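The following paragraphs lead the reader through one protein model. Please consult the sequence and the structure shown here while reading.

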Amino acid sequence: QVQLVESGGGLVQAGGSLRLSCVASGIIVSINHMGWYRQAPGKQRELVAFISSGGSTNYVDSVKGRFTISRDNAKNTVYLQMNNLEPDDTAVYYCKAWRRETYWGQGTQVTVSS
């Protein structure tokens, strides 16, 4: 059974940092496209960061220069390093994997206070 388990969320002050982790089982991270999405209350889910199976990355403009997506193939884990956090970053963050099938994690809450 495929599972994506996110962790690392929490409450931080503006300007602080968090590192989110997505541990995958049942799939191989290195041959899937992986993404981090977020959904704030009353808003649509948006793609925040993407890493392809080849290792290329993309980011939504609002997080460029602040967030970094990476993976550790040996640990079958994808990370989202979030620096200089802003209150508008407050959301539930979800990990997604896709190749032939699409899988979602359960989400982890990130709250940034001003």
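Two strands are said to pair if DSSP finds at least two bridges between them; strands themselves (E, at least two residues) are DSSP runs, numbered from the N terminus. The model is predicted, so local features need pLDDT of at least 70 and side-chain atom pairs count only at pLDDT 80 or more, while totals for chains, interfaces and linings use all residues. Residues are numbered from 1 along each chain as its sequence is written, and side-chain values use heavy atoms, leaving out hydrogens and water.

An open sheet contains four strands in the order β1-β3-β8-β7, paired antiparallel. Because β1 (3–7) and β7 stand at the edges with a single partner strand each, one side of each has no neighbour in the sheet. Between β7 and β8 there are six bridges; T68, for instance, has Q81 in β8 as its bridge partner.

Buried means under 20% relative accessible area, exposed over 50%, and partly exposed in between (1.4 Å probe, protein chains only).

I28 lies in the loop between β3 and β4 and is partly exposed, at 48% relative accessible area.
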